[in-house]
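Colleague: Before we discuss the assignments, could you show me the model, so that I can ask what stands behind each term?

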Amino acid sequence: MKLDAASMILELKAAVSTARKEILINLRYPLWVVFWAIMPIFWLAPFVFQGHALVGGRLSESFRELAGSSDYVTFTIIGSSLYAYVMSALWGTGLSLRREQWGGTLETILIAPCSRFSILFGKALSDSVLTTFYAAVQFALASLLFGARIRVENLFFAVSAVLLMILALYGIGLILSGLILMYREPGALLNFVDTLIYTVCPVNYPLRTLMLFFGGVGYYVAMVSIVFPLTPALEAVRAFLLPSFNPYLNVAIALSYLAAVTLVFLTLGMLLFSVVEKKVRRRGAVEAY
Amino acid sequence: MKPTEGGGALGLFDEARVVGVVLKKELVLYLRYPVWVLFDALMPLLWVLSLVIYGRALVGSPYSENLARLANTGDYVSFTIVGMIVSSFAYSTLWGMSYALRGEQWSGTLESTFLAPCSRFSILLGKAFSSMLTTSLWVFLQISLVSLVFGLNVKFLNLPFAMLFFLVALPSFIGIGFSLAGVVLDFKEHSAFVNFLSSLLGLLLPISYPLSVLPPVLRYFSYLLPPTYAIEGMRSLLIMDSGLNEVMGLAVPLIFFDVFWLSAGIMIFAREERRVLKKGTLGYY
Amino acid sequence: MVFHVMLEYSVVAKRLRKVYRKEEGGFPFRRKSSETIVALDDVDLSVKKGELFGLLGPNGAGKTTLVKILSTIIIPDAGTALVNGHDVLKEPGKVRASIGVVSSGERSLYWRLTARENLEYFARLYKVPDGVARRRISELLSLMGLEDRADELVEKYSGGMRQKLAIARAILHDPEVLLLDEPTLGLDPSFSRSIRVFIREELNRKQGKTILLTTHYMDEADQMCDRVAFINKGRIVAVDSPEKLKAMIGMNEVLKIVVSNLDEKVLTMVRGLPFIEDCGVANAEQDGRTMVRLYMKNVDANIQEVVGVFSKAGCRIFSLSIEKPTLEDVFVKLTGEVLDG
């Protein structure tokens, strides 16, 4: 990939046209769009009900001690809205090449003279646009059903943090799509990463709960958690949106750490993906599955 | 050698042997995909962890006053874990058959399997039992681990009764499994379908909360689902030490569901199979 | 009371009809399109007991649909079939017990099981008693030359070995009728030959099995079959022994010529020659060469004129040969179409 301005623009155009294609394909099945917009509510609702069962209301004293805010409902709504991006990076970007491989179109795509990253980036771009739509719908629906209280005036900052996270997740998506091209059991790998992130990241419970629950081991679990960009992003976004939230990571630290993680994952992703792609081509397994 | 045209007891015996060999084959195949074995060993543990940690965040201690008021026990850790265990058994029977059929369609072996002169239900049962067996194994290991770490408050003396209760629920699960397997035969969007149904079940089944916290509309739907009764019954036996009367009250609707779903399942599968045979797409993925 | 009738025919198809309707879009937007494909158009067919019967036709002619109907995994829209005296619609179980099926794909076995495990599994599914199964499996493995690798995963087998195992699986329960759908498709020539010999000599002649075999390789049908049915676009065009079919050509020589730059104009000119009865044209090769088969009287005397027409029209001639008529020639003559392959 050349790095002069003209070719960069061409690459960007390739990415944008890939993204457009993907979005158009999605819009062709409007019922699916509705389906995926509603599904996350089914995943969120059990946590709200569990809260009602265990504390009998929408406020938890323990949550206030752990996170500054006792409003666990808004807390989990924010968590699951951001988690949508993780799912999309894993099952969207991570699986996108694999899907082309299944469909038999991978070779055609790899033959195109633009960079593979532009194609993947285009897919990630379309996923991000769609996911943002889904996350917004989810948030709106959840607020309607369960009630969410956020500081709307900080929405701009929150969205910026989310954008940074999307870039980092794109890096993770790259790493996974490389691994998946290489090893052919994507389901197990993706499910594992998905569940791991869901368990160790503060999607539904504050980061400090890990220390409360696991004792000394909790710090190590928290360290694993912070490896995933979702954790600093959640800390920052909640600090912006959730009234009286007391983050475990200071917002400035969370954001600069998120930026650093983004760089690391993007570089790692590109490196790994290039290596794997060459390896797969040498093995001649572009089309085989 | 004449082709066997089993009838009566001998035919039933032959069919039982088909169930057995399908069960054996599924287990052998399972062990040959080590990634999935590892996956099954780890995943349920992580899922239950996220529910239990969340509970801890909500309550701050291992005991919830509010749950004690609602459900006769404040020990939400045991409450949730038993809920998870029973629901994972239910899932394994419900999905086990359709997943396995889907797999055979994908690998191309479904046609050769369906060419055999044995009942399709024997094949499906073999698949259901194998997924139940692997689930039991992992659940057993995981309970042991969790009991060691968190000190699970389970009344192990009631375990035989709980298992008996599960047996009462089983035919209805199998019937639903037959229906799903039938639907899957001619359904290209299998994973989205399963995803949707299991998400719906995740909401409606009383896994991490008692039904009383659900809005009334949802609660009515919960009462239509056999796994709801299985979870409540086994939980009563295993952690609440409820009386026999209470559990019997849950067994009666289950027996009704058993009859209903077994017949519905057999009918739905037979109808769907016929439809696919007419369309000529049995082996198509 | 059961009548034991000596059946003259092992397979009888009566006015079988199957129409596929395409489906468009995915769930939940699936709808039946008005586009239909007639796979079988009132097909009648009888295979005599002990016969090796070939069903020859191009891809998409309806061969696989017919085999699948006979093996009970497709239900016809109209008509029915008797296999070993059992109706495929009314007694599918009895039909299944009395047939063995081999399909062209090699994916009908479990790749993550060993050969022996595969056979043991299917033996149970076919309700073969354990003792019989054990004996039969070791017999079959050695018959197929697989005993050394019987305990290896099928994954590690070559395509030919998998096909042998698929045949072993099909005859595990010693069925009277075998339905073989393109049994040599995609195998290398030496393997194909050994499988053909096995089917003809061992299964048909020695074990006396009735075999219905589909193929689009005319040589295969010519060499192996007692009788051949041509099928094209869902219709049976002709049924007879290969020799009699070839006699239909009415002449014993065919001029085969490979040329480039062939177009309709040249063909019309060639067809216009007084001594030409008919001609068959294969699909053009990638390098622009086309094979033309000319059915003509007196090849020796007229060859010069034919060459002249092609050369004048600017066609380059790559090869020229005089051959005996084949089943392909008969097929071309009957349908105007060429068997692909």
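Modeller: Two strands are said to pair if DSSP finds at least two bridges between them, and the helices (H or I, at least four residues) and strands (E, at least two) are themselves DSSP runs, numbered from the N terminus. This is a predicted model, in which local features need pLDDT of at least 70 and side-chain atom pairs count only at pLDDT 80 or more, while totals for chains, interfaces and linings use all residues. Residues are numbered from 1 along each chain as its sequence is written, and chains are lettered from A and ligands numbered from 1 in the order in which they are written.

Colleague: What makes β11 of chain C a partner of β14(C)?

Modeller: Strand β11(C), residues 254–260, is joined to β14(C) by six bridges, where the definition asks for at least two, so the two strands count as paired, and they run antiparallel. Within this pair, Val258(C) stands opposite Ser319(C) of β14(C).

Colleague: Why are β12 and β14 of chain C called edge strands?

Modeller: The open sheet has four strands in the order β12-β13-β11-β14 (chain C), with antiparallel pairing, and β12 (276–281) and β14 (317–323) of chain C each pair on one side only. Neighbouring strands of this sheet are turned by 20 degrees against each other on average, direction ignored; the axes are lines fitted to C-alpha atoms, for helices over the stretch in contact, and angles run from 0 to 180 degrees between N-to-C directions. Helix α11 (327–335) of chain C lies across β11, β12 and β13 (289–296), at about 80 degrees to β13(C).

Colleague: How do you know that β8 of chain C is largely enclosed?

Modeller: A residue is buried if 20 or more other C-beta atoms, placed from the backbone, lie within 10 Å of its own, exposed if 12 or fewer, and partly exposed in between. Six of the six residues of β8(C), 210–215, are buried, and therefore the strand is largely enclosed by the rest of the structure. Both faces are covered, with Thr210(C), Leu212(C) and Thr214(C) buried on one side and Ile211(C), Leu213(C) and Thr215(C) on the other.

Colleague: How do you know whether the radius of gyration of chain A agrees or disagrees with that of a compact globule?

Modeller: The radius is taken over C-alpha atoms, and the globule rule is 2.2 Å times the number of residues to the power 0.38. For 289 residues a compact globule would come near 19 Å, and because chain A has 20 Å, the value agrees. Chain A comprises 12 helices and zero strands, and 47% of its residues count as buried.

Colleague: What makes a residue of chain A count as in contact with chain B?

Modeller: Two residues are in contact if their C-beta atoms, placed from the backbone, lie within 7 Å, and 35 residues of chain A are in contact with 32 residues of chain B. Helix α2(A) gives the largest share of the chain A side, 13 residues. By class that side has 21 nonpolar residues (Ala, Val, Leu, Ile, Met, Phe, Trp, Tyr, Cys and Pro), three charged (Asp, Glu, Lys and Arg) and 11 polar (the others, Gly among them).
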